[in-house]
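Visitor: I have a few questions about how the terms are used here. Please show me the model first.

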Amino acid sequence: LIVSTNIQTQCIQLPDGSKVTLNRHSQLSYPETFNKERIVKLNGEAYFESQVKILKNHFDVKANGVTIRVLGTHFNVNAYAADSLVETTLLEGSVSVSNNANGKQMILKPNETAIYRKSTGILSMHINANAQNEISWREGILSFNDISMGEIARQLSHHFNVTIQIKSEQLRNYKLNARFKQNETLEEILEMLAPIVGFTYHMPQSNLIELKQEN
């Protein structure tokens, strides 16, 4: 089975009773029934609430270069094909994250994020003091705490299914705190950010937005 989302999130119940909330513009594939192994494939972002009663059977999430093995947990995976990173953030329980290329594995504790960089093939772990913000999208909220404009642009790109390009490295590295509700449009968000961060934007194509730092 393949479930794809467009501009809305979607809740899915897997054959073993596990629950998955799929973010916008994401895709999850899984079998109609699970056998000895439970394997699903993700392209995009999803929040998993695994069914812990049958953990004796492995539950694996395969996502663009990494495999996340569930050990009884709630976790978020951000794995869009176009991104340079795959991020796994643990909220509750435990997961192991493996680099498919070299087999390197790490086990996460709550409030930790495993980051896989596609360009280098390196898997690393970071403490995530704002782990709950990683799943604010489930309530239709985009929450950014001390996040760079480059990362904000990446998340807005997925949320609104557009490409946002930043022409200045200084602008890309600018960090700020911001919080936006689901009903706010991309133009409204950019209009609020522009005077704070100091950029202008234009749309040379219908699905492309360019940000430039003000002189």
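Visitor: What makes β13 and β16 paired strands?
Guide: The model is predicted. In it, 4 bridges join β13 to β16, residues 208-213. Pairing needs at least two bridges, so these strands pair. They run parallel.

Visitor: Why are β13 and β15 said to stand at the edges?
Guide: The order in this open sheet of 3 strands is β13-β16-β15, with mixed pairing. β13 (163-166) and β15 (199-205) each have a single partner strand, so one side of each has no neighbour in the sheet. On average, neighbouring strands are turned by 25 degrees against each other, direction ignored.

Visitor: Which helices lie across β13, β15 and β16?
Guide: Helix α1 (residues 149-160) does, at about 165 degrees to β13. Helix α3 (residues 186-197) does too, running at about 145 degrees to β15.

Visitor: Now D60. Where is D60 found?
Guide: D60 is in strand β6, residues 59-63.

Visitor: Why is D60 called buried?
Guide: The relative accessible area of D60 is 6%. Buried means under 20%, so D60 is buried.

Visitor: How do you know that the side chains of D60 and R69 make a polar contact?
Guide: The two side chains make that contact at 2.7 Å. The cut-off is within 3.5 Å, and 2.7 Å meets it.

Visitor: What else is in contact with D60?
Guide: Beyond neighbours within four places in sequence, the contacts of D60 are R38, I39, V40, T67, I68 and R69.

Key. Residues are numbered from 1 along each chain as its sequence is written. This is a predicted model: local features need pLDDT of at least 70, side-chain atom pairs count only at pLDDT 80 or more; totals for chains, interfaces and linings use all residues. Side-chain values use heavy atoms; hydrogens and water are left out. Helices (H or I, at least four residues) and strands (E, at least two) are DSSP runs, numbered from the N terminus. Buried means under 20% relative accessible area, exposed over 50%, partly exposed in between (1.4 Å probe, protein chains only). A polar contact is a pair of N or O atoms within 3.5 Å; within protein, one must be able to donate a hydrogen and the other to accept it, and residues adjacent in sequence count only if both atoms are side-chain atoms. Contact means heavy atoms within 4.5 Å. Axes are lines fitted to C-alpha atoms, for helices over the stretch in contact, and angles run from 0 to 180 degrees between N-to-C directions.
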